Amino acid sequence: DEYKAWVRTHCCIGLTGCLGDVVAHHLIARGRGEGKRNDFTCVPVCAKHHDEIHRSVEKFEVRHVVDVWKEAAMSLIEFFAIDDERRATVKIEVSER
């Protein structure tokens, strides 16, 4: 929840033509039992671009000249880089899948 809240404080990765509040879009869908693991694959998108990215990630990337996985990785690095205490206390679980 802390990471998703932090992601929502950032600008939409679509950059232009944004509309609506920024949400944390999961690049890996959250399913039963997935929980926090997939929260770390979130990227910030406005409501308009959230609809667009759900229709086609590939088309979204081409249209907005963005690599969503690179954005997710950079956000995660920034999240942990800015706070030593956070790095020490956040538990990351990796699935066997």
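**Entry 1: Trp6**

I started with Trp6, which counts as buried at 13% relative accessibility. For my notes: buried means under 20% relative accessible area, exposed over 50%, and partly exposed in between, with a 1.4 Å probe and protein chains only. I then looked up the partner Phe79: Trp6 and Phe79 make an edge-to-face aromatic pair, 5.3 Å centre to centre with 65° between the planes. Rings of Phe, Tyr and Trp (its six-membered ring) pair if their centres lie within 6.5 Å; planes under 30 degrees apart count as stacked, over 60 as edge-to-face and the rest as tilted. This pair links distant parts of the chain, since Trp6 sits in helix 1 and Phe79 in helix 4, 73 residues apart. Phe79 is buried, as Trp6 is.

**Entry 2: what I am looking at**

This is a predicted model, where local features need pLDDT of at least 70 and side-chain atom pairs count only at pLDDT 80 or more, while totals for chains, interfaces and linings use all residues. Residues are numbered from 1 along each chain as its sequence is written, and side-chain values use heavy atoms, with hydrogens and water left out.

I wrote down five helices and two strands, in the order α-β-β-α-α-α-α along the sequence. Helices (H or I, at least four residues) and strands (E, at least two) are DSSP runs, numbered from the N terminus. Of the 97 residues, 35% are buried.

How many aromatic pairs does the structure hold? I found six. In one of them, the rings of Tyr3 and Trp6 have centres 5.8 Å apart and planes at 25°, so that pair is stacked. Tyr3 and Trp6 are three residues apart in helix 1, which puts about one helical turn between them. Tyr3 is buried too, at 4% relative accessible area. I also noted one aromatic cluster made of Tyr3, Trp6, Phe40, Phe79 and Phe80.

**Entry 3: cores**

Next I looked up the largest nonpolar core. A nonpolar core is a set of buried Ala, Val, Leu, Ile, Met, Phe, Trp, Tyr and Cys residues joined through side-chain atoms within 4.5 Å. This one has eleven residues, including Cys12, Leu27, Val45, Phe60 and Ala72. Which elements give two or more residues to this core? They are strand 2 (42-46) and helix 4 (68-81). Strand 2 gives the largest share, three residues. A second, separate core has eight residues, among them Tyr3, Trp6, Phe79 and Phe80.

Not counting residues up to four places away in sequence, Val45 touches Cys12, Ile13, Asp21, Val22, Val23, His25, His50 and Phe60. Contact means heavy atoms within 4.5 Å.

**Entry 4: loops**

Is Thr41 buried or exposed? Thr41 is buried, with a relative accessible area of 10%, and lies in the loop between strand 1 and strand 2. Leaving aside neighbours within four places in sequence, Thr41 is in contact with residues including His25, Leu27, Trp69 and Ala72.

Then I looked at phi. Most residues other than glycine have a negative phi. Leu15 has a positive one, near 65°; Leu15 is in the loop between helix 1 (2-7) and strand 1 (22-26) and is exposed at 66%. Val65 also has a positive phi, about 50°. Val65 lies in the loop between helix 3 (57-64) and helix 4, and counts as exposed at 72% relative accessibility.
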